[in-house]
Structure formats: C-alpha cells, structure tokens
Amino acid sequence: MDAPEDSAHRPDSDGRKIIHIDMDAFYASVEQRDDPSLRGKPVAVGGTRERGVVAAASYEARAYGVRSAMASSQARRMCPDLVFVKPRFDAYKAVSRQIHEIFADFTPLIEPLSLDEAYLDVSAGHPEFGSATAIAQEIRRRIKAETGLTASAGVSYNKFIAKIASDQNKPNGICVVRPDAGPDFVGKLPIGRFHGIGPVTAKRMEKLGIHTGADLRRASRELLDRHFGKSGNYYYLAARGIDHRQVKPDRVRKSIGHETTFFQDVFAHDEMAAFFRDASETVARHAARSGKAGRTVSIKLRYADFRTITRAKTLPVPIDDAGTVAEVALALLAPLEPVEQGVRLLGVTLSGFDVPEVEVEQLELELIAFP
C-alpha cells in the first residue's frame, strides 16, 4: 500500500484554477464558416496527393472515421464524398490572434499549445466573472460571438486534468473537474487518454495489467520507475490527479519532434524505416496544426550501449509534409546502415521554422521515450 501523501502530493495543495481551451475541428470549422457550401459536408483540410495527409477533419468527416494525420488516400476510401480543401494558414493565424485577444481580457497567464488551443491560469479570478467555470463559459461565448466558431473547455486545478477535460464533452462543451473529484475522474480514464502516454507506452502498460487510471494508481512507484525510467514519476503522480506544472506564458518552441524507445533493440532497416515514416506523420500533423513549416530535419539514434548520434539536413525551402520529412530522415539514416549494434531509440525532429509567430506558439507533443 502506498504511504500517505504529504501536502505537496495532494491534488488541491496549491489552489490553482486552470482552463484548457480547445477549438472544435478548428481548420475545418474555419473553412466551413468562410465557405457556406461546405457546411454540413464532410471536409478534410490537407493534401489530395497520393502521399498527402489530412491535417484536420470536420465532425461530419469524423463520423466516417476520418482523422488528422491519416493518409488522404485512406480518408477518401473511408468517405468517398469527402471534400478536400487546401490549408489557409494565414486565415487560421488571423482567427487564432482573435481568440488570444479574448484570452488576454481575462488573464495574462496564457500558454499557447498551437493555433487552436491554450492553457489559461485564472487563479487570480476576475472582477466580473469570479469563478473559473464562469470565466470559461464567457470565453466560449465571446469566441462564438466574435469568430462564429465553437470551442470546448476543460476547467480544473491542474494542466493535466484540464486538457483531458476539454475533450470530454466535445464539440462545443465544457467539463469541470474539481480537486475533490480529480482522482476519481483520472481513475476511470482508459490509459490511452493520459496525455504523454502514446500507443507504444499504452501497450507496454497493458502487458503489466494497467488498463485504466485506477490500475495505474495501484502500480507501485518502484514498478513504474523500473519499467518507464524517469517517466515513472510523472505516471505515478498523474494517476493521483497531481500535476504541479505551471502555466508558462509565451514559452518558446523551436522544434517539433517525435521519438520512442523500443521494447527490444532494433536492427532491421524495415523496422527503422517504418518508425521514421510513422514519426514523420506525427511531426507533420503537429506542424500543420501549428501552422509551421521548417527547413531542418534531424534524426537521432541511441544504440544499445547508450551512445547517441544525430544527423541533420537543412533544405533550401521550408517543408511541413510527412512524405518529405520521411524522405530526408531516411536519407540521413542510409549512411549509418547497417547498424553496428542494436538501436534502442529513434527520433526525428523538424526545426528552422519560418513562421513569424513562432516565439509565442507552444506545442506539446506526446513523446514516448524512456531512458
């Protein structure tokens, strides 16, 4: 049985009030707003080429199973009536600026994650809208009134739960999780809903009998540390509804990356190539969602003996599509093969963004790497 938690490990120990605002199908909703002929239709924002990727999908398209990061060819097979539109990042950025101006009327403590979502710390309250719930409702009302778009909100005492809560009643919904309800709320979650636990980590946890937040809470700190390294402490606290991270205004994001540590060391080219293709899809999805394009692609390899090497290539023009990121990553990998010993970690990163707003946009990725 776990030892009693001290005050630093109690969910309500610091009295914070955090709101996570997440726009509903943002890119697709902007397109439907600006083009009435698209309203009510399944819409995908992204490339229509064979190797194109869906950057965003309307809720009508999601009903067919179409999702962001899905290959355009697969999306069209799932929904033959799918309407593809090219991204208009200038339009998305303009709407994002409107939304952030609304946020600023309620608090200076704003941490953008991408063009369409942000954390707000409203612990100091507001003279007209006192509670965090009332503030979130008013923000949603103003977004609808001023942009014609809907937003969902999660309101809680920390970032971890607020982010999960914002997805709970989508679209156009709100979910409030108070400190006394936090641990029970987390306990009922499937492990895949935890921010920071990707598909690979979820499978590893399931092999240990961990399927829900409640299962994770029953796991000892020693077991989590043994299987997941430094991330074990994060999982231990998250399972108890604890997250002490502060909202960080205007946090700098200079790169977008994805990496994973394999359960068994990798030797074969096909396995490494498959990782780089999948990881490039993830990086491209987040780049598109943030309205960014980068000129530098980097790869990282960590061998079984923990020796780590990196390779990078800078291109003459910015890129944001998965196919090109993967192509460059595989070209960087080629001179390193065949690998002299097993590879335990691989990663790919896109940087060198040519986006004016980069200094005020922050993107948190689901990184599934364990030392």
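In which sense, left-handed or right-handed, does helix α4 pass helix α5? The crossing of α4 with α5 is right-handed, a crossing being right-handed if the near helix is turned clockwise from the far one by less than a right angle, and left-handed if anticlockwise. This is a predicted model, in which local features need pLDDT of at least 70 and side-chain atom pairs count only at pLDDT 80 or more, whereas totals for chains, interfaces and linings use all residues. Residues are numbered from 1 along each chain as its sequence is written, and side-chain values use heavy atoms, with hydrogens and water left out. Helices (H or I, at least four residues) and strands (E, at least two) are DSSP runs, numbered from the N terminus.

**Helix packing**

- Helix α4 (residues 89-104) and helix α5 (residues 132-147) pack at an angle of about 145°, with their axes 10 Å apart; axes are lines fitted to C-alpha atoms, for helices over the stretch in contact, and angles run from 0 to 180 degrees between N-to-C directions.
- Among the residues that meet here are Val 95 and Ile 99 in α4 and Ile 139 and Ile 143 in α5, where contact means heavy atoms within 4.5 Å.
- By class, this contact of α4 with α5 has six nonpolar, two polar and two charged residues; Ala, Val, Leu, Ile, Met, Phe, Trp, Tyr, Cys and Pro count as nonpolar, Asp, Glu, Lys and Arg as charged, and the others, Gly among them, as polar.
- Helix α1 packs with α4 at an angle of about 100°, again with the axes 10 Å apart, which makes α1 roughly perpendicular to α4, a term for angles of 65 to 115 degrees.
- The contact of α1 with α4 divides into seven nonpolar, one polar and two charged residues.

**The three-stranded sheet**

- Three strands form an open sheet in the order β3-β2-β4, with mixed pairing, and two strands pair if DSSP finds at least two bridges between them.
- The edge strands, β3 (54-57) and β4 (83-85), each pair on one side only.
- Strand β2 (residues 43-46) pairs with β3 in the antiparallel sense over three bridges, and Gly 46 stands opposite Val 54 in β3.
- Helix α1 (residues 26-34) lies across β2, β3 and β4, and runs at about 115° to β2.

**The hairpin**

- Strands β5 and β6 form a hairpin with two residues between them, and four bridges join these antiparallel strands.
- Strand β5 (residues 110-114) is mostly covered, since five of its five residues are buried, that is, under 20% relative accessible area with a 1.4 Å probe and protein chains only.

Notes:
Angles under 35 degrees count as roughly parallel, over 145 as roughly antiparallel, 65 to 115 as roughly perpendicular and the rest as oblique. Buried means under 20% relative accessible area, exposed over 50%, partly exposed in between (1.4 Å probe, protein chains only).
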